[in-house]
Amino acid sequence: MATVRKLIVEVVEAHNLQPKDGHGASSPYVVVDFYGQRKRTKTVMSDLNPTWNEPLEFTVGGPSDVFGDTLEIDVYHDRRIGPSRRNNFLGRIRLSSTQFVRKGEEALIFFPLEKKSLFSWVQGEIGLKIYYVDEVVPPPSPAPPAVEEVKDEKEKEKEKEKPPEVAAGSAPPPSGEPAAPEGEKMTDTPSAEPPPEPSPAPPAEAAPPVEEPSPPPPENTNEAAKAPEPEVSKNPVDPPPEPTLPDTENEANPPKMVPSPEEMSQTASIPDLKVPGFKPARPIYRQPTPGYLDFTSEPSERIPKERCSYDLVEKMHYLFVRVVKARYIPTNGNPVVEILVSGSQVRTKPARKSNFFEWDQTFAFSRESPELASTLDVSVLDVSNSDHTADVAGKFLGGVCFDVTEIPLRDPPDSPLAPQWYRLEGARARNGDLMLATWIGTQADESFSDAWKTDTAGSISSRSKVYLSPKLWYLRATVIEAQDILPVTALRESSFLIKAHLGFQVLKTKISVSRNGSPSWNEDLIFVAAEPFGDHLVFSLENRQSKESPVLGIARIPLASIERRVDDRKVVSRWFSLEDAVDEKVVYKGRIHLRLCFDGGYHVMDEAAHVCSDFRPTARQLWKPPVGTVELGIIGCKNLLPMKTINGKGSTDAYSVGKYGQKWVRTRTVTDSLDPKWNEQYTWNVYDPSTVLTIGVFDSWGVYEIDGSNSKDPDMVRPDFRIGKVRIRISTLETGRVYRNTYPLLLLSPTGVKKMGDIELAVRFVRGVPTLDLLQVYAQPMMPSMHHIRPLGVFQQEMLRKAATKIVAQHLSRSEPPVRREVVLYMLDADSQTFSMRKVRANWYRIINVIAGLFDMVRWVEDTRTWKNPTATLLVHALLVMLVWFPDLIIPTLAFSVFVIGAWNYRFRVRDPLPHLCPKISQADAVDRDELDEEFDTVPSSRSAEVVHARYDKLRTLGARVQTLLGDLATQGERVQALVTWRDPRATGIFVGLCFVVAILLYLVPTKMVAMASGFYYLRYPMFRDRMPPPALNFFRRLPALSDRIM
């Protein structure tokens, strides 16, 4: 069925518009321009806060063309209303098409109105809902051929006279500012009359032969539907079908099938054409027969997909063999094809029977060099249906032999090689033919991802794949009140609470005490929900009693019916009836007052804040354009340790996982190799440079698991073991530079830190916006605006992050091949907030390292005032005199000092390799075994009572130190308060009197003289100093504190 994509712009309302009619009001209307079409709303009379609630519909030429234009919305004052003749412009907005969403994801968004010029006087905002839909256009009913021919002849006679008239009347209105008298002429369509349909296409048999069977490119679709005046709009579109069109037009020009976005993107890529000089491989015939040399070829119908250039990784050459189908084979069973090359032997699946014996499988055999000489044998075997493994010999039906030196080398962007028919030789297949294609390519080949590969042992779970995390939303449920819960006569004073369920998430409100059966809460409950919304949000009302808490009623609300918002506007609350939780019959048990909405203005955190890879809000309408791309080349690993023992031999089946934003990538699993090579390259869009790219390496058990088995043997289903991971912060990458380094894979286990091997990566950040736009990102808020308007608590956000992590793990574990739960939790650092004495010590040393610079500065000042370096002390005296007499130089001097420090440290900046996980900073190289065992212990603890008691006593000792430190800090603060609180009358009297004397002196003596004298006194020579503490410090230490009142 043909589809037409339409953009719907719902003009809802506007607030605080500029008055234009001379009486303090305006009569506004809205004009919307998109894709060469212009439509307007009705006029609201004399209202600065108008409400339209009017949807405007725009037809787009193709499904993907909606993302190729800018939507312009202008607000005007209708000059026909009122005596004013002033400028009628009230504001405009321009929106990028990347902010459009599909129907069902839209939300009401208020955009501030912008000026058209520097001197425009504009204020206010306008609320819009923008989304697109794909509508199915029913095909026209077929007409009798005789009548159709007559109509075609009549149309040909009318075509000579009709175009001049239509062209004169179908000119679209100009795109400039509409004048007041022309406002009433504006309609909801681009023109008053639809443009004439193009002439019918020639019949298929008269068309010239075309080698590629790809669909027509999207530009041809637009050209066929252009209006007679193409100079008015550069992107003309098909007008919406009018019911008044005659049937002759429909019969002559039936609607064409609009290609899908995937087909359109494929059409724009490289076509499937035969390359001159590119010859397919020729088989080797041991007993050539003249009658067997005839074979035909069929062009390939697969269109190559666009891929990255693979310039960050090494090229790996593979021998590709694509087995398509066979014919004229003397068998009634389901034959298989056996391929033998360079000691590798593999068989296809049993053939599917149709008009041919079909397989359509691709095999990739690894090669160290494309010039390596060998022989490729392809045989067709007849095996039993019950057993078709490579160990069971089958009846030979025929085969083909190739010399690998004659197999062509193909490297994209070369077109894919078309499979050909080859005559089978030997055995009984005298006239049998086998269709296949063979070539030598690299991992950049479009057939590589789904091909059987020798280094993966052909396992389905070993293929490289790209995954997307589910779209997560915060669901805010505000529980307001409940009514009609129990008969009033049965109530005295009862306690009620609401319990809300969404999947595995359970939240409760506070207990509300009520005597009239109408408790109130006014409490927000926030959940994490993932699209698609198929679950129900269940509310249960419980009556809290001393012995039990009976459920008085429940309410089930489908998530699909809940409204979405992108800002902090108030959503309309609703009443929901409570039903009996036990009886399935609909019985009224009261009602509950709720306010429900999906908050799309938040970013749903599924990673720890310090390693977050994305800060975009959930609502796509609020996304900003990317600032660049990051390219990652996963080359391989070296010197991996054996992770398991198979048949008495250490083995590792390694694969790598990369995560950035919502996009996950997984390389293929290289089986039984301690030095796996992947050489796969991936690309992500970067929206914020202050994000982290995470790469992890794991050992897979999927190759040895029994497919479809429900065995309870724990050895059959085991988790994928961690090998290590690497984190790369995007902001540390220079633009356009390739960082190719080897990073150690470190794993922290209960036995300590262990190096599992090394991984080689290549990373490059490519800037996609001007430099000033990239630098402007550093001045913008990192989190979306809703995190600042209605912030979430730290504990609440951590609970929501754990829920989001579980949802992502469940979603990715259902993929094929799956990303297992333990892999997702390790990549997302789900256990980063657990208690660890090692992390406490590491954070303490981090604080010491931060204030070490301050300590060095204090030490330098002390060395200067003690004249350890007389030259430096004299220079400080000169600097003091200059700053005292010219105080305006203080701030510039400080700024210049910071500049000098930064320029000096530029010599010692981090180069290669990039910063990596450091065992020294993590305090993991010298950690105690008992602390590691405590860190990896579960909650609640699974250790014995003696071990838990020992750890508790150790924690009490540490707590005593922290208690003493906090007490000392509190004592110093209380002594400062005691200076003016007269707790010690003599001390407070001395301090107050001294302050009075200092104030009088500063009034009489110039400030510069006081500062000069104080500086020289502080920097006096050591022989004029006293070794005892100064009187001011002695006075401060004698002040009272509240420590003597603590019991």
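## Strand pairing and salt bridges

Strand 32 (residues 628-638) and strand 41 (residues 752-767) run antiparallel and are joined by 10 bridges. Gly-636 has Glu-760 as its bridge partner in strand 41. This is a predicted model: local features need pLDDT of at least 70, side-chain atom pairs count only at pLDDT 80 or more, and totals for chains, interfaces and linings use all residues. Residues are numbered from 1 along each chain as its sequence is written, and side-chain values use heavy atoms, with hydrogens and water left out.

Strands are DSSP runs (E, at least two residues), numbered from the N terminus. Two strands pair if DSSP finds at least two bridges between them. Strand 41 also pairs with strand 40 (residues 738-749), antiparallel, over 12 bridges. Pro-744 has Asp-758 as its bridge partner in strand 41. A hairpin of 2 residues joins strand 40 to strand 41.

The structure holds 53 salt bridges. A salt bridge is a side-chain nitrogen of Lys or Arg within 4 Å of a carboxyl oxygen of Asp or Glu. Among them are these:

| Pair | N to O distance |
|---|---|
| Arg-5 and Asp-134 | 2.7 Å |
| Arg-410 and Glu-446 | 3.3 Å |
| Arg-476 and Asp-599 | 2.7 Å |

Which strands hold Arg-476 and Asp-599? Arg-476 is in strand 22 (residues 472-483) and Asp-599 in strand 31 (residues 591-599), 123 residues apart. Salt bridges that share partners join Arg-476, Asp-524, Arg-565, Asp-599 and Arg-790 into one network.

Buried means under 20% relative accessible area, exposed over 50%, and partly exposed in between (1.4 Å probe, protein chains only). Arg-476 is buried at 6%. Asp-599 is buried at 1%. Arg-5 is buried at 5%, whereas Asp-134 is partly exposed at 36%.

Key
Helix = DSSP H or I, 4+ residues; strand = E, 2+ residues; numbered from the N terminus.
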